[in-house]
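I opened my notebook to get to know a new structure. Here is what I looked up, entry by entry, for anyone meeting it alongside me.

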Amino acid sequence: MPLIVTDYSWTQTDSKVFISVPLKGARAERVDFLSTEEYLKVHYPPYLFEAFLSEPVDEDRSTAKVGNGVAVITLTKCSNAFWEHLVITTYDKEKKKEVRERALLKYQERLCSESRSKAEKQQAEKKYALETMMKLEKEERDRILKRKEDEREKTTAELAAWQLRQRETAEGEAKLKLQDQRDRQNKLKAPTEKQEKGCSNGAKVKLDERGNSEAKSQKTPALLPTPRRSANIQVRFTPRVFPTALRESRVPEEEEWLQKQAEARRAGNADVEELKDLREEERNPEWLKDKGDKCFASGDFLGAVNAYNLAIRLHSKIPALHSNRAACHLKLKNLHKAIEDASQALDLLTPAVPANAAARARASVRRGSAFCQLQLYAEGLQDYQAALKLDPHNAALQADTQTIRDILQGSATGTH
């Protein structure tokens, strides 16, 4: 049973009622208020103050403040008049119970209404945020499309201008060539005309000489085309990809490796829906790999991982992308991911040929380092030994391999 508070005080004006309820040491956060037009309750366990008001009040304009150990409730009257009593003077428990239940029901309805209003407001805010985001995305897509269209129009205009210049240049060269031919023809005609004129004026020229001159004129050479311009043609031979001599090389394995590399560069996922808005260079895995390498060199390992991730989504068959991402995961202490990426790189670096020996050594060292950091020294030693076979003169690799052997021997000695 709660303890009923009776030592309260109240004052009034023609429009408001002020009620002071002592809190008896209760903290402010433990005070619970309930107010309707005909009922007021202040509950702070184990105390309870309730008032069955003699006149109706405006519950929406009523307020309550807690401070200095007192709760001050300000009730706004529905009509401007002085009350004779604060509470009703009846002692009918049934009537009080009915008023209390009616007040609680009204309070619950108000809470439900406020909850619905809050939910509707949150839904409206989410809808507005979604519409705003969709609008911004549409504007961004329109901007990108406009940019692409402008670039297309610019390229088309440049191409048309280049074609026009080429056509004008060709026409000019043709005119010059025609004029050159005409000049040569005129030069060839001039001696013939002089010879004919000399024959007609000379009355004492012999017949056989005239015949010889006619024969010479008939044997005038035909017009020949201009000789071709001399030039040197550079002949270059495609070098072998592998440095070993052909008799020592593993030709089938080398051709399989080259074919796999070519297929890896051709097989892309550039048509993925979310990648269509990327710039042209951002769809190039080689450009993304260079960007990841620069981020790694500058210490931005997360940025490097992001670049390698996008490159792998575009071309997942390039071993260097997985191997470099494994190095980034090593720096970020994502050891299991480093092992997974290094293993994927080693799977792609098949068949084993001299061209991919250095890449296989790097991937083995990165996987071995991840194993060692996970204290799996036996697995790490296997990877380091495999790398040492590929690069036997690497002093640092020799030292690291010997260190792992010492750790394993020390562990074995400790167990005995």
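I began with Glu50, which counts as partly exposed at 24% relative accessibility. For the wording, I took buried as under 20% relative accessible area, exposed as over 50% and partly exposed as in between, with a 1.4 Å probe and protein chains only. Before going on, I noted that this is a predicted model, where local features need pLDDT of at least 70, side-chain atom pairs count only at pLDDT 80 or more, and totals for chains, interfaces and linings use all residues. I also noted that residues are numbered from 1 along each chain as its sequence is written, and that side-chain values use heavy atoms, with hydrogens and water left out.

Which residue forms a salt bridge with Glu50? I found Arg100, with the closest N and O atoms 3.0 Å apart. A salt bridge here is a side-chain nitrogen of Lys or Arg within 4 Å of a carboxyl oxygen of Asp or Glu. The pair links distant parts of the chain, 50 residues apart: Glu50 is in strand S6 (residues 47-52) and Arg100 in helix H1 (residues 93-201). Helices (H or I, at least four residues) and strands (E, at least two) are DSSP runs, numbered from the N terminus. Arg100 is partly exposed, at 29% relative accessibility.

I then looked up Glu59, which forms a salt bridge with Lys106, the closest N and O atoms being 2.9 Å apart. Glu59 lies in strand S7 (residues 57-67) and Lys106 in helix H1, so this pair ties together parts that are 47 residues apart in sequence. Is Glu59 buried or exposed? I have Glu59 down as buried, at 15% relative accessibility, whereas Lys106 is partly exposed at 32%.

Further along, I found Arg367 in a salt bridge with Asp383, with 2.9 Å between the closest N and O atoms. This pair also links distant parts of the chain: Arg367 is in helix H8 (residues 357-373) and Asp383 in helix H9 (residues 377-390), 16 residues apart. Asp383 is buried, with a relative accessible area of 6%. I also noted a network, in which salt bridges that share partners join Glu38, Glu98 and Arg102.

**Entry: Lys77, a lysine without a salt bridge**

Next I turned to Lys77, in strand S8 (residues 70-77). Lys77 is buried yet has no salt bridge. How far away is the nearest side chain of opposite charge? It belongs to Asp14 and is 6.7 Å away; in this count Lys and Arg are positive, Asp and Glu are negative, and His and the chain ends are left out.

I did find polar partners for Lys77. Its side chain has a polar contact of 2.6 Å with the side chain of Gln12, and a polar atom of the Lys77 side chain lies 2.7 Å from the backbone oxygen of Thr13. A polar contact is a pair of N or O atoms within 3.5 Å; within protein, one must be able to donate a hydrogen and the other to accept it, and residues adjacent in sequence count only if both atoms are side-chain atoms. Leaving aside neighbours within four places in sequence, Lys77 is in contact (heavy atoms within 4.5 Å) with residues including Val17, Pro56, Phe82 and Trp83.

**Entry: helix H6**

I stopped at Arg325, in helix H6 (residues 319-331). Arg325 counts as buried at 15% relative accessibility, and its side chain makes a polar contact of 2.5 Å with that of Asn309. Asn324 is found in helix H6 and counts as buried, at 15% relative accessibility. The side chain of Asn324 makes a polar contact with the side chain of Asp293 (3.2 Å). Not counting residues up to four places away in sequence, Asn324 touches Lys289, Asp293, Tyr308 and Arg366.

**Entry: the whole chain**

Last, I stepped back. How many helices and strands does the protein chain have? I noted 10 helices and eight strands. Buried residues make up 25% of the 416 residues.
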